[in-house]
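User: I would like to learn how to read a model like this one, feature by feature. Could you take me through it, giving the general idea before each case?

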Amino acid sequence: MTRAINLRIGAGLVLVLTVAALLSLVWTPYDYTVLSVTQKFRPPSADHWLGTDQLGRDVVSLLMAASVNSLAVAFISVGIGGSIGTALGLTASAFGGWVETVIMRVADLGFAFPALLFAIMLAAAFGPSLTNAILAIAFINVPIFTRVARGAANQIWTRDYVLAGRAAGASQFSLTIDHVLPNISATLIVQATIEFAVAILAEAALSYLGLGAQPPMPSWGRMLNEAQTLMYLAPQLAIYPGLCIIAAVLGFGLLGDGLRDISDPRLARARA
Amino acid sequence: MSVLLDIRGVTRRYPRPRKQLFHHEEALVAVDNVTVQITQGRTLGIVGESGSGKSTLARMVMAFEAPDEGEVLFEGKNIHALGKRELQALRPEFQMIFQDPFGSLDPRRSVGWSVAQPLRAAGMKPDQALILKTLEQVGLRAADIDRFPHEFSGGQRQRIAIARAIVTRPKLLVADEAVSALDVSVRAQILNLLMDLQDEMGLGILFISHDLAVVSSLCDDLLVLRNGVVVEQGLAGDILNNPGHEYTHTLLTAAQLELQGEHAA
Ligand SMILES: Nc1ncnc2c1ncn2[C@@H]1O[C@H](COP(=O)(O)OP(=O)(O)OP(=O)(O)O)[C@@H](O)[C@H]1O
Ligand SMILES: [Mg+2]
């Protein structure tokens, strides 16, 4: 019962966030690029629902625009890292033997390598940029998906329908594409949802440290960083993006957990 | 009739996990020097208690794994010595039906997809008419082609699996406990279907079962296995009427008891 509620809260938060992000592409209450000296530090009002910031920009508009950045970074980085990791995991599982051993050892190495360190290295080498942040977040997703895909795939390889496919004369490659990948897709989607939450947090952290989104691109992490110096003057400017980050991370986290519970028949049976 | 499958002195060993550091455990001999043949149009039954090596033998016949000694000849060709492509080209000729009809069909693939798989894998065009004809042969309807495995009962699923196995018009069918998971009434239907198909297509069948009652109704020849070793082999009728070994006798008694139990129930 509580699981169903978690799933609904998660789905609700993700839905609101997605709608806000999509809406901001065509409409925000104000143009967040317009600065106004006369309008700065406004309290919440009918005109500005959450007030304005130190440069007189509408906070709601900024938060909405920044959500696009968060979602896009999460989508691209988890997409890239997840695809590479899944391909590696499927390869390891299909070949077995030394190929599997090598891939999994390399994945273990990747696990031991913190994303932040990788982002700092990239920033040091190529300068801080959103692209480098995306690469760093994609990088941490590779070993995660390698492990998850390989573990789930190894289970599928033992099924009789795979053996039947082999008896039919299908190659390892077509068995992987026809049977293994479709049957682990639910597991991958669940993992991707959870990694979305991690990626949003990572993007916020990197942007906060100046290693992610660069001005003038709006980003929750950077808004947090800029609000830091104004903590006594206008604490709400730090609280709003903070709440957005929490809501997004919580939303994807709860959604992923909820999806995992439905997709795992063992848990479903235990619940019944 | 010509010899379809020639199993010559086949042995398969599995390493046992080592329990002590300096003590080398002897390998488990799952199949021990088995020699037997299947002729076109005939059914060879393989019986034996659990762990006697029946499935291991089937896996070697299907070239899922290779024997440590001996060879398996299909129409004179050693299937374990063939190259990848040659084996792939030969696979349409020998097909398999599995025990669990709920595990042998991919839940995400439609009936039509699964039945067409051996055709696609062999590089043939999955001919709709052939698939429909095959479905009809196993007693399924044309409309079933777009349905998914979960919509069928165990017996119907086994029919789908049989359709997949015969769609390439193979010469040999390997059935490993193909009816063990089915209800008694459904079991008879599937056995009848196999016999009809055999008459129709001249199939050689390798029929594996731990149940002598099932075997007696279907098989021409019989091989009794125990711990990988052949205990008896010969014509099924001879062995069943006059078991020459205590072990076969025990299997027979167990089968009769089970049969009585099923009639009583
Ligand atoms: N891959 C394997 N690795 C190690 N041992 C194995 C393997 N496959 C089978 N064995 C062993 O080989 C022996 C024969 O197994 P097999 O599955 O062929 O028996 P079976 O006659 O099919 O039994 P059942 O009636 O239970 O299906 C058993 O002792 C089994 O534990
Ligand atoms: Mg078996």
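Analyst: Let us begin with one span of chain A, residues 71-99, whose end C-alpha atoms lie 35 Å apart and which is 97% helix and 0% strand. Helices here are DSSP runs of H or I with at least four residues, strands are runs of E with at least two, and both are numbered from the N terminus. This is a predicted model, in which local features need pLDDT of at least 70 and side-chain atom pairs count only at pLDDT 80 or more, while totals for chains, interfaces and linings use all residues. Residues are numbered from 1 along each chain as its sequence is written, chains are lettered from A and ligands numbered from 1 in the order in which they are written, and side-chain values use heavy atoms, with hydrogens and water left out.

User: Which residues of chain A does UniProt give for the feature "transmembrane region"?

Analyst: UniProt positions are given in the numbering used here, with shortened feature names, and annotations may be inferred rather than shown by experiment. The unreviewed entry places "transmembrane region" at residues 7-27, 71-99, 106-126, 132-149, 188-211 and 231-256 of chain A. Of these, residues 132-149 are 100% helix and 0% strand, with end C-alpha atoms 25 Å apart. UniProt also lists residues 67-256 of chain A as "domain: ABC transmembrane type-1", again in an unreviewed entry, and that span is 84% helix and 0% strand.

User: How many helices and strands are there in chain A?

Analyst: Chain A has ten helices and zero strands, and its C-alpha trace spans about 75 × 50 × 30 Å along the principal axes.

User: At what angle do the axes of helix 5 and helix 7 of chain A cross?

Analyst: Axes are lines fitted to C-alpha atoms, for helices over the stretch in contact, and angles run from 0 to 180 degrees between N-to-C directions. Helix 5 (residues 130-157) and helix 7 (residues 172-208) of chain A have axes that come within 8 Å and cross at roughly 145 degrees. Their contact has 19 nonpolar, seven polar and two charged residues, where Ala, Val, Leu, Ile, Met, Phe, Trp, Tyr, Cys and Pro count as nonpolar, Asp, Glu, Lys and Arg as charged, and the others, Gly among them, as polar.

User: Which residues are the closest to ligand 1?

Analyst: A residue is near a molecule if one of its heavy atoms lies within 4 Å of it. Ligand 1 is surrounded by 13 residues, and the closest are B:Ser50, B:Gly51, B:Lys54, B:Ser55 and B:Thr56. By class, this shell holds three nonpolar, six polar and four charged residues, and helix 1 of chain B gives its largest share, four residues.

User: How far is an oxygen atom of ligand 1 from an N or O atom in the side chain of B:Thr56?

Analyst: A polar contact is a pair of N or O atoms within 3.5 Å. For the side chain of B:Thr56 the distance is 2.5 Å, for the side chain of B:Lys54 it is 2.8 Å, and for a backbone N or O atom of B:Gly53 it is 3.1 Å. The protein covers 61% of the 630 Å² of accessible area that ligand 1 has on its own, as computed by the Shrake-Rupley method with a 1.4 Å probe.

User: Where is the peptide bond cis, and which residue other than glycine has a positive phi?

Analyst: Most residues other than glycine have a negative phi, and most peptide bonds are trans. The bond from A:Pro215 to A:Pro216 is cis, with omega near 5 degrees, and A:Pro216 lies in the loop between helix 7 and helix 8 (220-228) of chain A. B:Ala63 has a positive phi, near 60 degrees, and is placed in the loop between helix 1 and strand 4 (69-74) of chain B.

Notes: Polar contact = N/O pair within 3.5 Å; in protein donor to acceptor, adjacent residues only side chain to side chain.
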